[in-house]
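The following note was prepared for a colleague who wishes to review the model. Its points are numbered and may be read alongside the structure shown here.

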Protein chains: 2
Amino acid sequence: MGESKRLEAGVTRTDREMSDGRTIRYYDTQGHARSAADKRPIEEQPGIGELRLDPLVNEWVAMAAHRQGRIFLPPKELCPLCPTHSDLLTEIPESDYEVVVFDNRSPSLRPPVGDWALPDLVGPDTDTGTSAGKCEVICFTPDHGQSFKDLSPERVRVLLEAWQDRIRELSQKKFIEHIAPFENRGEEIGVTISHPHGQIYAYSYLPPRVEKMLRVAREYKESTGHVLFDDVVAREIRDEIRIIARNSEWIAFVPYASRYPYEIHVAPLRPVADLAELSPRAADAYPEIALEVMKRLDGVFGIEMAYIAAWHQAPVRVGRDLLRLHWQITSVRRAPGKLKYLAGSESAMGAFIMDMRPEQSAEQLRAVKLEK
Amino acid sequence: MGESKRLEAGVTRTDREMSDGRTIRYYDTQGHARSAADKRPIEEQPGIGELRLDPLVNEWVAMAAHRQGRIFLPPKELCPLCPTHSDLLTEIPESDYEVVVFDNRSPSLRPPVGDWALPDLVGPDTDTGTSAGKCEVICFTPDHGQSFKDLSPERVRVLLEAWQDRIRELSQKKFIEHIAPFENRGEEIGVTISHPHGQIYAYSYLPPRVEKMLRVAREYKESTGHVLFDDVVAREIRDEIRIIARNSEWIAFVPYASRYPYEIHVAPLRPVADLAELSPRAADAYPEIALEVMKRLDGVFGIEMAYIAAWHQAPVRVGRDLLRLHWQITSVRRAPGKLKYLAGSESAMGAFIMDMRPEQSAEQLRAVKLEK
């Protein structure tokens, strides 16, 4: 039997071991027993990858060569994220579930064995590091054909509870410096399994974008005494024109300097460092705005938009008072049949060119008629 | 008649005005007159866009809303980069050409009018700037069906001469801080016109990646006294295993911490800041290695690889002794039918995950049999 633990919002977490030693965690509100065993043969675990320093920009690149052969767009009847049924033994041994989180089978980052430290950065002579960290998969629903926006508000609340639980637990691990839960949707952006799910990447280093956000926020704090993100939200509230949704606890806007045709930031009105710090009241108000934003996004063209939805959080150990939790949704769709690509200017130079004014996409997102 | 000017390598440049006031420059070795007039009706020029500061990372984003309606994958018989013939008035009034460079019709960046300066960076209250700069298109050949790799060595030499000429001239403009010539190839990365051509982006600000490279190179110089890129090349030569081509003046390697399945850096053995500083001897040796590298790239899977090939240069006014010229080719192709996408980790966090070891792709690139 699995070990169970009570969380907030009536959610119980039950842990089970998978046949290859990985852990699967069931997040339930309905009091299920979760006793099904993983009946698949034991497979060898892939080795841990390495981190290499790109000396030109002082950034780690994780080498995960074992991922090259990972599963690629399986047909629905072979989906590894559906519940197990008689003909198909999947990643989830139970025949039904609400939300589950399990260790990724082809992780880019893995927990290190024994003592572990990143090498010092010394330019092109920097030693290779171990790509330490942890990669988890989070399934939003057993229903293969759904999307985030089709979830019930109750299910989104369970999902948020699971995210919060993962942040709390992963933050305890000594080798983890930053945690990013995100969802990729759409074959256009390389999603290899269409079942509604997200991923949780826990890094042993500060990801380059986080490092830069931290540096900029630190400089801003030193020169103004303010937390940068709070001033950014205040400006969006003042400008009003780019706000697309709000409720008592959250606000959603297209940022002033968006990089993608449809980019939305969703932030709690009472700022916190990460998901674990969200109050129960803010957590309870999240499903409403999350579902509204996702429905508005798909409503713009009446098609399922390819997107990346990522939680930006403060790092686990540094900058807790400098960076703020927000949920960033970016879509590469610029029109039906047209995508925004990162070509020469964006990819080689990091200089983004936007083909559309943020005010224009905010207006389109607001204009979407939602079913009540 | 156009104004003519003699350059190196037997190349003559002839300038002509297009009907809407833009300039087209013919780079020729065969002594053509280049007197054909642009007979198209005069079209209104799009307005200048704006720069907005993304305050979370202190980076400019260029807003070019007028580009949304630009031409998208025209059929060959309507290609605007082919020479003009009886039925079709294109961007190039002549009925034939070698290499031409003309001002982009839908530029992301445009020369400013009158006095111009970027606003100071002050977080979310930073004023909007003018998206000053210049965008040019460079056509490699009149032959619509060719690719860079099909060009003759003589043509590549003319192309390089044209690039060098553009760098020299654009560097004189007070509002330009950085210049990046690049080529995007393949519909997979969003190329909207398949005719073999590149672009030249001249920015009025340091692109974020250049700014970071400059900061890292400055810190490295301060702590070691060395130029970072020179040490990087020295390490690649010492390691040897990732080198894929070399001649008397150039070296091509898959970098130690590549971010893409097929990434190649091509660098002159005698380091220089930018294309304009290349010696005639280095320039004469470029076509050989450039063509070899491109043939190797397409040879890996026997298909045309989607790629971005960008010249990294030192900025026009700063860091001239810190950054070095190199040509970076990145391909998002990881296997036939499979692309590398920038999803959650790369796009939201800036943390790259590589599915393949650089030594492995270097070996594949070296193993390609080239026709003599």
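1. The two copies meet through the same surface, because 100% of the interface residues of chain B are also interface residues in chain A. Contact here means that the C-beta atoms of two residues, placed from the backbone, lie within 7 Å. The contact takes 64 residues from chain B and 64 residues from chain A. Helix α2 (residues 208–224) of chain B supplies the largest share of the side of chain B that touches chain A, namely eight residues. By class, that side of chain B has 39 nonpolar, 14 polar and eleven charged residues; Ala, Val, Leu, Ile, Met, Phe, Trp, Tyr, Cys and Pro count as nonpolar, Asp, Glu, Lys and Arg as charged, and the others, Gly among them, as polar.

2. On provenance and confidence: this is a predicted model, in which local features need pLDDT of at least 70 and side-chain atom pairs count only at pLDDT 80 or more, while totals for chains, interfaces and linings use all residues. Residues are numbered from 1 along each chain as its sequence is written, and chains are lettered from A and ligands numbered from 1 in the order in which they are written. The model scores ipTM 0.93 and pTM 0.94. Chain A averages a pLDDT (the predictor's confidence in each residue, from 0 to 100) of 92, and 97% of the residues score at least 70.

3. Which strands pair across the two chains in the parallel sense over three bridges? They are strand β5 (residues 59–63) of chain A and strand β18 (residues 352–354) of chain B. Strands are DSSP runs of E with at least two residues, and helices are runs of H or I with at least four, both numbered from the N terminus; two strands pair if DSSP finds at least two bridges between them. F352(B) is the bridge partner of V61(A), and A62(A) stands opposite I353(B). The open sheet of four strands has the order β7(A)-β4(A)-β5(A)-β18(B), with mixed pairing. β7 (129–130) of chain A and β18 of chain B stand at the edges with a single partner strand each, so one side of each is left without a neighbour in the sheet.

4. The counterpart strand, β5 of chain B (residues 59–63), is mostly covered, with five of its five residues buried. A residue is buried if 20 or more other C-beta atoms lie within 10 Å of its own, exposed if 12 or fewer, and partly exposed in between, with C-beta atoms placed from the backbone. E59(B), V61(B) and M63(B) point one way from β5(B), and W60(B) and A62(B) the other way. Strand β18 (residues 352–354) of chain A runs parallel to β5(B) and is joined to it by three bridges, with F352(A) opposite V61(B). Strand β4 (residues 50–54) of chain B runs antiparallel to β5(B) over five bridges, and L51(B) has A62(B) as its bridge partner. β4(B) and β5(B) form a hairpin with four residues between them, where N58(B) in the turn has a positive phi of about 55 degrees.

5. Strand β10 (residues 197–203) of chain B is largely enclosed by the rest of the structure, because seven of its seven residues are buried. Strand β8 (residues 133–139) of chain B pairs with β10(B) in the antiparallel sense over seven bridges, and G133(B) stands opposite Y203(B). Strand β9 (residues 178–185) of chain B is also antiparallel to β10(B), with five bridges, and P181(B) has I200(B) as its bridge partner.

6. A nonpolar core is a set of buried Ala, Val, Leu, Ile, Met, Phe, Trp, Tyr and Cys residues joined through C-beta atoms within 7 Å. Of the 212 residues in the largest such core, A62(A), V100(A), V293(A), A62(B), V100(B) and V293(B) touch the most other members. Leaving aside neighbours within four places in sequence, the contacts of V100(B) include I24(B), Y26(B), I92(B) and C139(B).
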